[in-house]
Amino acid sequence: MHSQDAATQDRLPERPDVLAHVAGNVRALRAERGLSQDALAAQADVSRRMISGIESGEANVSLSTLDRLAQALDVSFSRLVRPPDMRDNSRIDSLAWRGISDDSRATLLGTVPAAREAELWTWSLGAHEVYPAEADAANWHEMLYVMEGVLTVERDGEAPSRVAAGDFLIFTSDRPYLFANREADPVRFVRNVVF
């Protein structure tokens, strides 16, 4: 769902604003659960150094790492990234991912309860930009609607799907996949993640 490879994350010029509250939220949630940084690192399968960097606000963390932290802390991704004083998730409206191109970005608009939660995102990919995603847990689904351009979705073991403006694609995201813009013009799409 939120995955991004660390190499791409390290090249980004600015931190996405969705990370603004992560340091304090992780620190507070870890303390509420009586976990040390070492214990949280082990549960989330990340290094203690990464936990320390996140809590100090110095780590440029990938979205897949935030997913693992949320799972280890038994909270939703949105709870981990939203402002601590926000009453609900209906209007988060925070940039969560930025690609190399200025035309490549993902904004988490808000979430509502589903079996666990449903997220509403806007995405855009500049020319030839690719966003790789790790497999999600069973019963996670992606619902995409392309507003402009052509989006190519590649899933392990399947032929690529080309989704043109005005069309949509729904799939289970329980195996690695990627979003790609194989065209010269930007692609803009709405992404719903339901889990």
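Author: What follows is a set of questions and answers on a predicted model.

Reader: What makes the chain as compact as a globular protein of that length?

Author: The chain contains six helices and 10 strands. Its radius of gyration is 16 Å, close to the 16 Å given by the globule rule for 195 residues, so the chain is as compact as a globular protein of that length. The C-alpha trace spans about 50 × 35 × 35 Å along its principal axes.

Reader: Why is the pair R30 and E55 called a salt bridge?

Author: The closest N and O atoms of R30 and E55 are 2.6 Å apart. The cut-off for a salt bridge is within 4 Å, and the pair therefore meets the definition. R30 lies in helix α2 (residues 22-32) and E55 in helix α4 (residues 48-56), so the pair ties together parts that are 25 residues apart in sequence.

Reader: Are these two residues buried or exposed, and how do you know?

Author: R30 has a relative accessibility of 14%, and E55 has a relative accessible area of 7%. Buried means under 20%, so R30 counts as buried and E55 does as well.

Reader: What makes R188 and E148 a salt bridge, and which parts of the chain does the pair link?

Author: The N to O distance between the side chains of R188 and E148 is 3.1 Å, which is within the limit of 4 Å. R188 is in strand β10 (residues 187-194) and E148 in strand β5 (residues 141-148), so that distant parts of the chain, 40 residues apart, are linked.

Reader: Why are R188 and E148 called partly exposed?

Author: The relative accessible area is 38% for R188 and 36% for E148. Buried requires under 20% and exposed requires over 50%, with partly exposed in between. Therefore R188 is partly exposed, and E148 is partly exposed too.

Reader: How do you know that R162 and E183 form a salt bridge?

Author: The closest N and O atoms of R162 and E183 are 3.6 Å apart, and the limit is 4 Å. The pair links distant parts of the chain, with R162 in strand β7 (residues 161-164) and E183 in the loop between β9 (177-180) and β10, 21 residues apart. R162 is exposed at 56% relative accessibility, because the value is over 50%. E183 has a relative accessible area of 27% and is partly exposed. Elsewhere, salt bridges that share partners join R155, E158 and R175 into one network.

Reader: Why is E129 called buried, and what is E129 in contact with?

Author: E129 is found in the loop between β3 (118-125) and β4 (130-133). Its relative accessible area is 7%, under the 20% limit, and E129 is therefore buried. Leaving aside neighbours within four places in sequence, the contacts of E129 include W97, F179 and N181.

Reader: What is said of phi in D74 and D93?

Author: D74 is not a glycine, although its phi is positive, at about 60°. D74 is found in the loop between α5 (63-73) and α6 (77-81). With a relative accessible area of 64%, over the 50% limit, D74 is therefore exposed. D93 is likewise a residue other than glycine, with a positive phi near 45°. D93 is found in the loop between α6 and β1 (94-98), and at 42% relative accessibility D93 counts as partly exposed.

How values were computed:
Residues numbered from 1 in each chain as written. Predicted model: local features only at pLDDT ≥ 70, side-chain atom pairs only at ≥ 80, totals over all residues. Heavy atoms only, no water. Helix = DSSP H or I, 4+ residues; strand = E, 2+ residues; numbered from the N terminus. Rg over C-alpha atoms; globule rule 2.2 N^0.38 Å. Buried < 20%, exposed > 50% of the residue type's maximum accessible area, 1.4 Å probe, protein only. Contact = heavy atoms within 4.5 Å.
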